[in-house]
Amino acid sequence: MKLSEQVGPYYGEYGGRFVPEPLIAALDQLEATYEAMRIDPGFIAELAELHKTYTGRPSIITEAKRFAANYGDIRVFLKREDLNHTGSHKINNVMGQALLAKKMGKKRIIAETGAGQHGVASATAAAFFGLDCVVYMGEVDTERQALNVARMKLLGAEVIPVTSGSKTLKDAINEALRDWVANVDTTHYLLGTVAGPHPFPTMVRDFHSVIGYEAREQMLELTGRLPDAVAACVGGGSNAIGIFHAFLDDEDVALWGFEAAGEGVDTLRHAATLSRGTPGVLHGAKSYMLQDADGQTMESHSISAGLDYPGVGPEHSWLKDLGRASYHGVTDTEAMNAMRLLSQTEGIIPAIETAHGLAGIEHLAKVLPAGAHILVNLSGRGDKDMETAAKYFGLMGDK
Amino acid sequence: MSSVNDTLLANRESGKGSLVGYYPAGYPTVKDSVDALVAMAENGCDVLEIGVPYSDPVMDGLVIQIATEEARAAGFVLGDLFEVIRRVRARVSTPLLVMSYWNPVLRFGVEKFAEEMLVSGAQGMITPDLVPDEAAQWLEVSQAKGLDRVFLVAPSSSNERVAANADASKGFVYSVSTMGITGERATLDALARDLVGRVKSLSKTPTCVGVGISTAEQVREVNGYADGAIVGTAFVKAYREDGLPGLVAKTKELAAGLG
């Protein structure tokens, strides 16, 4: 079987459904609806039309010549998901799932968010489809990302700060799952990444796979051949899976995921789940995760709220073990330098998450042959990160 | 000591009914949790559930979340669980089940965890986020070691799943009274009675009802149709507010709902 034909519940030994029994019926309903819709010509056409007229697809490819010049004899191509409505790849999944929620007759969606990008995308889709929307967000993140909280509220969503546990993305997912257990009849949980119980990892991947399918065609048209490597940042892993998927069976195309190494993978302050984690169960699936000797989830750290997560989607764990994709850590410092470099060489300010993928190019330039073509998923724009960047680079006040 | 199954059946036979009490290991300290569990056994709990503090308790409401977070902050490690079991077992003969989310067990090693439970004196385990579909190893190990395994059924479960989960369970099957997380509720859902009716018609495994039970009246009501009432949040809250005397009083108060 082709790698790209693999679907859940299991990716090798990873995936599954490690959730309380009350949620199983909802997962079964979601799976059955999705299985019917993914091959339904009407649903496919409706979603494609939404992407064309609302999301802004297809997204373009920009060759980053001045940026690439810093790394020697390579060519770098950016898949511009930052130009999508709401400013990141997240909208691809959100429009798909919101449409499914409508088909299931659910009037309310709930979502978790870390940096706020998925929350904003969910609130956007809820407004568009006329659904009620509640977004769970760690209290720490609501303070770090106050502007995104305001965006969600302006879009009509209710934002609930989560005060349990470490008060970040991990705990926001726990709280969303608790809400879902209690309100499963009326509510769809619009999970924002390729983690969680089946069918989420497969379904979210499928909704994002449009990124890679478009890019594969565009690269063939632009350069007459496939790229030598495809790169993306990896937190939960949705934008990486989205761009990898179309290339899984192209053996000559190397796939590279760049994780948040925070202050360094040899410190305790990182989010490099695949590089430094061990297999375990978190948020409903078996996958690599950051855990202590007792199986307690460890707190992750990254300057990027969107990568600050101690788990990762099960398909990435499978691709890692198979050796089909490689994963490498990028520190806060390396990511911030890449953010500045792309801004100043190309006039494109990337999200800090995305900057991890860009920073990885320095590593790829060393391991790939001269003249290599590298396709990078430019998964989101950096407007939301301006406060962090301004502080980091000392761009405010007298400086 | 008698098994969980025998205890529930004997209490049902006699018309008394059963009170199953949950309390987290290590809250507020290891020693205090031993005294708390012993007091619950001595004042009317027929079966004890020892909770394992865990970083991501998705089935639990705030009261249990906070208590288990405090236990971890106070230094609880998994090895303490078996120490709590040993010390409780040394003082009372009440049947005793561990209640744990799956990852701590998986990380410790399923076989090794089972062996430690057996050696320290626990009768088995309740697994709130492990459904039988994912439990191949636990089914095998618990069978081989003669340990009880308690899975959940919920109002949303299909008849096929109710039958399968009940039949896969040993000791009892946990009927979740309502669609929601642990915590007190003023009234019990009619959903609980319907669910227990389905369990009874589809399986021979006894069933206890949990989630939302906090009064003697609810304990009486549930024992009218099920094999036991499970209480957690109300006990943890009583200890939190009034210490061991508060827990003793709450146990006596709820046990008064038994026949």
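**Exercise 1. Describe how helix 4 of chain A and helix 9 of chain A cross, and identify the residues of their contact.**

Solution. The model under study is predicted.

Step 1. Two packed helices are described by the angle between their axes and the distance between the axes. For helix 4 and helix 9 of chain A, the axes cross at roughly 115 degrees and come within 8 Å.

Step 2. The crossing of helix 4 and helix 9 of chain A is right-handed.

Step 3. Helix 4 of chain A contributes A:Asn92, A:Asn93 and A:Gly96 to the contact, while helix 9 of chain A contributes A:Val204, A:Phe207 and A:His208.

Step 4. Sorted by class, the residues of this contact are two nonpolar, four polar and no charged.

**Exercise 2. Determine how chain A is divided into domains and characterise the contact of domain 1 with domain 2.**

Solution. Step 1. Domain 1 of chain A comprises 18–52 + 89–204, and domain 2 of chain A comprises 56–87 + 209–393.

Step 1. A distance of 23 Å separates the C-alpha centres of the two domains of chain A.

Step 2. Domain 1 of chain A gives 33 residues to the contact, and domain 2 of chain A gives 34 residues.

Step 3. Several elements supply two or more residues to the side of domain 1 that touches domain 2 in chain A, among them helix 2 (41–55), helix 4 (90–103) and helix 5 (117–129). That side of domain 1 holds 14 nonpolar, 14 polar and five charged residues.

**Exercise 3. State which elements and classes of residue form the side of chain A that touches chain B.**

Solution. Step 1. In this contact, 26 residues come from chain A and 32 residues from chain B.

Step 1. On the side of chain A, at least two residues each come from helix 1 (24–37), helix 8 (169–183) and strand 11 (278–282). The largest share, six residues, belongs to helix 8 of chain A.

Step 2. The side of chain A that touches chain B consists of twelve nonpolar, nine polar and five charged residues.

**Exercise 4. Locate the buried and exposed residues of helix 8 of chain B.**

Solution. Step 1. In helix 8 (residues 159–168) of chain B, the buried residues are B:Arg161, B:Val162, B:Asn165, B:Ala166 and B:Ala168.

Step 1. Viewed down the axis of helix 8 of chain B, these buried residues fall within an arc of 165 degrees, so they line one face of the helix.

Step 2. The face turned away from the buried side of helix 8 of chain B carries the exposed residues B:Asn159 and B:Glu160.

Step 3. The cover over the buried residues of helix 8 of chain B includes helix 1 of chain A, together with elements of chain B including helix 7 (136–145) and helix 9 (190–202).

Methods:
Residues are numbered from 1 along each chain as its sequence is written. Chains are lettered from A and ligands numbered from 1 in the order in which they are written. This is a predicted model: local features need pLDDT of at least 70, side-chain atom pairs count only at pLDDT 80 or more; totals for chains, interfaces and linings use all residues. Two residues are in contact if their C-beta atoms, placed from the backbone, lie within 7 Å. Helices (H or I, at least four residues) and strands (E, at least two) are DSSP runs, numbered from the N terminus. Ala, Val, Leu, Ile, Met, Phe, Trp, Tyr, Cys and Pro count as nonpolar, Asp, Glu, Lys and Arg as charged, and the others, Gly among them, as polar. A residue is buried if 20 or more other C-beta atoms lie within 10 Å of its own, exposed if 12 or fewer, and partly exposed in between; C-beta atoms are placed from the backbone. The arc is that of the directions from the helix axis to the C-beta atoms. Domain bounds come from an automatic or database domain assignment. Axes are lines fitted to C-alpha atoms, for helices over the stretch in contact, and angles run from 0 to 180 degrees between N-to-C directions. A crossing is left-handed if the near helix is turned anticlockwise from the far one by less than a right angle, and right-handed if clockwise.
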